[in-house]
Amino acid sequence: MQVKLTVTAGPHTGREFVFDRHDTFLVGRSKDAHFQLSYDDPYFSRRHFLMEVNPPRVRVVDLNSRNGIVVNGQKVRTAELNDSDELQAGNTVFRVGVVQPTDPDDQPTLGPPTAKATPRTLPETTDHVSCSPIPGYKLAAEIGRGSMGVVYRASRDSDREPVAVKVIAPAAGVLQRDIDLFLREARIMAELDHRHIVRYLDSGESDGFLYLVMELVDGPDLRQRVKDRGPLDIRAGVRLTINILDGLTHAHAKGFVHRDVKPSNVLLDGPKKRRMAKLADFGLARAYDTCNLSGLTMQGEVGGTPAFMAPEQVTHYRDVKPAADQYSAAATLYYLLTGQFVRDFVSDTNAQLVQIIIDSAAPIRAHRPEISDNLAEVIHKALAREPEDRYPDVPAFRNALRQFA
């Protein structure tokens, strides 16, 4: 299935843009716009609107532009677009077209359950655990739940080794080839072998569910740690962030970008006085969306992914580079030291995306004055809105932090 965006009026009449998977599309006069209009249409703002596409779904969000956007004759701030809808900005008019697949192999299947039908929590008693739906593993207690699925403590049948198993329920209508692609993407994670990255062990498909088997890390995630006990000691927060950056340095050297660094994806491991951080779910966000398993858009609740996303990850969703991981690691450190997000997010999810693109991070010392000016400067450099204004790479950010650990 495809979404086709055709310019039907204005100086670029006849241009077409085609989307066959989850993506974003930025329109305006800025150099990073996917469709850049200069002064041939003078009513466009620098960043005028953002369109998010996940065929057949299309959403448009006005980015606080000077002249706004109009959908089917009505001025709006945000709208869901359907086949044949018209969107006008300035003198330019776009028509939305949803192209249905003609190849039988591209027709959606009915097999997997819907994305909302996440696996139930399985009881811990031995009698029930023996009925585990994952071959080769016995599931026990649920230990985590997120947008992609449910994580269980489990044991491996072959050696009774304790492991963590993430069970994922794909959206209805997902093609088998997309499921196969997801599993291939997941297996690539086996190339990552680092003490600050949760190890991938196994993956597969069973009874309509996908599963990923990972190293079991007993400690809490950093979001839960801050929620339970408040912000961390400054030196401890910096030290754990350096752990995160060590893991990212290893992954970036191998060509991997995490895309979803946030406190809930960082687990604490080891004795209490010597705990270290381990990054979880490496590469899963990319694999999940690349393979169209979610059936959903990128928006989520505040406190989830959006609060830690780099601006370019919103505007250029499919072209995420290591600089975005640097930003997210800095946003994570900001949260660890203050218990606050880098922005005072409003409740509306569309407005949150606009805030991420347009607003700078709030001064960290306004939340915690004892943070030194020098440390605040380091953190805010990594939080710069433009990637070129951040550190040249993750190792440079890590080195700048070392003096505060």
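**Entry 1: the nonpolar cores**

I looked up the largest nonpolar core of this predicted model and found that it has 63 residues. Those with the most contacts inside it are Leu248, Leu375, Leu383, Phe397 and Leu401. A nonpolar core is a set of buried Ala, Val, Leu, Ile, Met, Phe, Trp, Tyr and Cys residues joined through side-chain atoms within 4.5 Å. Buried means under 20% relative accessible area, exposed over 50%, and partly exposed in between, with a 1.4 Å probe and protein chains only.

I noted the elements that each supply at least two residues of this core, among them α3 (222-229), α4 (234-253), α7 (322-338) and α10 (394-401). Helix α7 gives the largest share, 10 residues. Helices (H or I, at least four residues) and strands (E, at least two) are DSSP runs, numbered from the N terminus.

I then listed the contacts of Leu383, leaving aside neighbours within four places in sequence: Tyr327, Ala330, Ala331, Tyr334, Val342 and Ala361. Contact means heavy atoms within 4.5 Å. A second, separate core of 24 residues includes Leu5, Phe25, Ala89 and Phe94.

I recorded the conventions as well: residues are numbered from 1 along each chain as its sequence is written, and side-chain values use heavy atoms, with hydrogens and water left out. Local features need pLDDT of at least 70 and side-chain atom pairs count only at pLDDT 80 or more, while totals for chains, interfaces and linings use all residues.

**Entry 2: the hairpin of β17 and β18**

I found that β17 and β18 form a hairpin with six residues between them. Gly270 in the turn has a positive phi of about 100°. The two strands run antiparallel and are joined by four bridges; strands pair if DSSP finds at least two bridges between them. Leu267 stands opposite Lys278 in β18.

In a regular strand the side chains alternate between the two faces of the sheet. In β18, I saw Met276 and Lys278 on one side and Ala277 and Leu279 on the other, all buried.

**Entry 3: the five-stranded sheet**

I traced an open, antiparallel sheet of five strands in the order β12-β13-β14-β16-β15. Its edge strands, β12 (137-145) and β15 (200-206), each pair on one side only. The twist averages 30° from one strand to the next. Helix α2 (residues 176-187) packs on the sheet, touching β14, β15 and β16, and its direction makes about 170° with that of β15. Axes are lines fitted to C-alpha atoms, for helices over the stretch in contact, and angles run from 0 to 180 degrees between N-to-C directions.

Six bridges join β14 (residues 162-168) to β16 (residues 209-215). I noted that Lys166 has Leu212 in β16 as its bridge partner.

**Entry 4: aromatic rings**

I counted 11 aromatic pairs in the structure. Rings of Phe, Tyr and Trp (its six-membered ring) pair if their centres lie within 6.5 Å; planes under 30 degrees apart count as stacked, over 60 as edge-to-face and the rest as tilted.

The rings of Phe308 and Phe341 have centres 5.8 Å apart and planes at 85°, so this pair is edge-to-face. Phe308 is buried at 3% relative accessibility, whereas Phe341 is partly exposed at 23%.

Tyr391 and Phe397 form a stacked pair, 5.6 Å centre to centre with 20° between the planes. Both residues are buried. The charged end of Lys381 sits over the ring of Tyr391, 5.3 Å from its centre. For this I required NZ of Lys or CZ of Arg within 6 Å of the ring centre and within 35 degrees of the ring normal.
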